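Let's take a walk through a protein fold together. Keep the picture beside you as you read, and follow along from one part to the next.

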Amino acid sequence: MQAASDRDVLLVVDIQNDFCPGGALAVPGGDEIVPAVNRLARGFAHVVLTQDWHPPAHSSFASTHPGKHPFDTVEMFYGRQILWPDHCIQGTPGAAFHPQFDIPHAELIVRKGFHRTIDSYSAFRENDRKTPTGLASYLRERGFERVTLCGLATDFCVLYSALDARAAGFAVAVVVDACRGLDIDGSLARALDDMREAGVALI
Ligand SMILES: [Zn+2]
């Protein structure tokens with residue numbers, strides 16, 4: 001891998017208890033990547049973390065839609081949305097980073113999904129594809145040109161963040177071995193194809 005410079009930033013997506021085995025929305029093997037993510041981060045002078053951060057009764061939770069179950073889909077005002085188990089509720093242990101996660105030099109934590117009526121897979125734009133998180137401007141202002149991603153889940157938050165980073169004009173790479181996917185109905189293979197097609201380097 002190319003040595004990281006001051007133009008490089010590592011974006012570590014959602015290494016939180018609820019996305020690891022035993023959590024409310026566990027990604028298979030989600031905890032296995034934590035040592036690799038910690039190692040990877042040591043090679044970057046600049047690291048940004050994301051943290052899924054929902055209010056109670058968030059609109060992406062199946063429990064807020066009578067008669068619906070986790071992994072059903074609904075039409076939101078912004079389009080189709082998968083419904084999830086309640087997860088990553090602000091201030092709860094499930095929303096905390098994994099206990100072995102260890103990147104003390106991370107410079108920014110981007111919290112996402114805090115608007116009650118909009119989910120946010122991407123670290124850049126919420127699921128209405130309009131509401132910005134502010135991250136693109138932050139990275140530009142800091143002078144970063146290349147974004148390398150890892151984390152959870154490959155086929156949702158990593159995918160959307162990688163595509164949006166490309167759309168914002170950054171060179172983008174995803175460290176596939178430092179990610180794990182949910183793989184709902186073939187979503188993992190589709191995600192890898194979509195990222196390749198968008199010019200994301202899979203390394
Ligand atoms: Zn979420």
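Helices (H or I, at least four residues) and strands (E, at least two) are DSSP runs, numbered from the N terminus, and two strands pair if DSSP finds at least two bridges between them. This is a predicted model, in which local features need pLDDT of at least 70 and side-chain atom pairs count only at pLDDT 80 or more, while totals for chains, interfaces and linings use all residues. Residues are numbered from 1 along each chain as its sequence is written, and side-chain values use heavy atoms, with hydrogens and water left out.

Six strands form an open sheet in the order 5-2-1-6-7-8, with parallel pairing. Strand 5 and strand 8 (201–202) stand at the edges with a single partner strand each, so one side of each has no neighbour in the sheet. Further in, strand 1 (residues 8–13) pairs with strand 2 (residues 47–52) in the parallel sense over 4 bridges. There, valine 12 has leucine 49 of strand 2 as its bridge partner.

Next, look at the core. In soluble globular proteins, nonpolar side chains tend to be buried together. Buried means under 20% relative accessible area, exposed over 50%, and partly exposed in between (1.4 Å probe, protein chains only). A nonpolar core is a set of buried Ala, Val, Leu, Ile, Met, Phe, Trp, Tyr and Cys residues joined through side-chain atoms within 4.5 Å. The largest one here has 57 residues, and Leu11, Val12 and Phe124 are among those with the most contacts inside it. Helix 3 (154–167) is one of the elements supplying at least two residues, and helix 3 gives the most, with 6 residues. A second, separate core of 6 residues includes Ala62 and Met76.

Now find histidine 87, in the loop between strand 4 (79–82) and strand 5 (108–112). Is histidine 87 buried or exposed? Histidine 87 counts as buried because its relative accessibility is 3%. Its side chain reaches the backbone oxygen of proline 85 at 2.8 Å.

Finally, what about the cysteines? A disulfide is a covalent bond between the sulfur atoms of two cysteines, taken here as a pair of cysteine sulfur atoms within 2.5 Å. How many disulfides does a search of the whole structure find? The search finds 0. The sulfur of cysteine 157 has its closest cysteine sulfur, in cysteine 88, 8.8 Å away, which is too far for a bond.

Notes
A polar contact is a pair of N or O atoms within 3.5 Å; within protein, one must be able to donate a hydrogen and the other to accept it, and residues adjacent in sequence count only if both atoms are side-chain atoms.
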